[in-house]
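Student: I am new to this structure and would like a close look at one part of it. Could you pick a spot and walk me through what surrounds it?

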Amino acid sequence: MGQSLTSLFVAIQVLKRLGIAFLTLIVVSFAVFFATEMLPGDVAQILLGQAATPEAVAGLREAMGLNEPAFHRFLGWLIGLMHGDLGTSYANHMAVAELIDGRLKNSLKLAGVTTAVSVPLSLTLGIAAAMWRNSPFDRAVSIATISVISVPEFMVATLSVLIFAVWLDWLPALSFGADVGSIVDVLRAYAMPVITLSCVICAQMIRMTRAAVIETINTPYVEMALLKGASRWRMVLVHALPNALGPIANAIALSLSYLVGGVIIVETIFNYPGVAKLMVDAVATRDLPLIQSTAMIFCISYLSLITLADVIATLSNPRLR
């Protein structure tokens, strides 16, 4: 009976967090829509050019439905978004979903490669730094992570181009700017964007993982295992690490959420054909449906990571359950 009640309570907590995430997404969609509506300039005027007559501008605004009240357009856009209809691009006269499809795959590839590189590396360095706390290795890792955190993404990207593309001529300055015909070419094309994103993500994740493991190591049951003769590796991997999974999951989710902001800068600097680059181009042409849809993709990604970390923390921590 007690086990059933515990499972029911956990299910209620998970559903509660999913409901909060959904309500947050509704609020965010409201903010995204009206923030793009406040962008300077008339969309119809920008699309037709300065030589357009007032009649032509008025006719285009009527055709695009811009004369309707903003709240009515928001409700129509939100209902379409829930049904998978992202609207039609103003500038390209194509379905927004069709424009995003190929770009989203490229962004997911970049995020996947970055995650595959940064997560194992960060966990290894964070756990090792916690095991040998206050050692020269720990101090070196701490200095390196603080130094990287202090440098913004665009500076890391610019330095990467300057060092690896200009001075050493090892890597191309633009990702997928040249023909990609082999695995080596693919690795060279992904190298600098992944290095730039991994630097920022790894620095945050290493410090948060180290703090979570150290907090667990200082608990009485881990100290008792050490007094009973458990090795340092067994103490961390068997006794401390399973109980630090919740904080570590939060660390991973929070660190990967930096991909949402960092990928915009990286894709722009390296001309990577992803969703972030598509959004930057859409801002230049005031393509509101495309801006709104790409912004919502980033918001959904961020909320999904945070909600997943919250659920994992709840399931892995008996006190939260």
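Tutor: Let's begin with a term: a residue is buried under 20% relative accessible area, exposed over 50%, and partly exposed in between, using a 1.4 Å probe and protein chains only. This is a predicted model, in which local features need pLDDT of at least 70 and side-chain atom pairs count only at pLDDT 80 or more, while totals for chains, interfaces and linings use all residues. Residues are numbered from 1 along each chain as its sequence is written, and side-chain values use heavy atoms, with hydrogens and water left out.

Asn243 sits in the loop between helix 10 (232-240) and helix 11 (245-256). Helices here are DSSP runs of H or I with at least four residues, and strands are runs of E with at least two, numbered from the N terminus. Leaving aside residues up to four places away in sequence, Asn243 touches Thr216 and Tyr221, where a contact means heavy atoms within 4.5 Å. Between Asn243 and Thr216 there are 7.0 Å from C-alpha to C-alpha, although the two are 27 residues apart in sequence.

Now turn to Thr209, which is found in helix 8. Thr209 is buried because its relative accessible area is 0%. A polar atom of the Thr209 side chain lies 2.7 Å from the backbone oxygen of Met205. Again not counting residues up to four places away in sequence, Thr209 touches Leu123, Gly126, Ile127, Ile248 and Ala251.

One of those partners, Ile248, leads us to the largest nonpolar core, where Ile248 is among the residues with the most contacts inside it. A nonpolar core is a set of buried Ala, Val, Leu, Ile, Met, Phe, Trp, Tyr and Cys residues joined through side-chain atoms within 4.5 Å. This largest core has 61 residues, and Ile100, Val213 and Ile217 are also among its most connected members. Helix 8 (residues 183-217) gives the most to this core, with eleven residues. Ile100 touches several residues beyond four places away in sequence, including Leu86, Val275, Leu290 and Ile297.

Finally, let's step back to the whole chain. The protein chain has 14 helices and zero strands, and 38% of its 321 residues count as buried. Among its contacts between residues at least 6 apart in sequence, 71% join residues at least 24 apart.

Key
A polar contact is a pair of N or O atoms within 3.5 Å; within protein, one must be able to donate a hydrogen and the other to accept it, and residues adjacent in sequence count only if both atoms are side-chain atoms.
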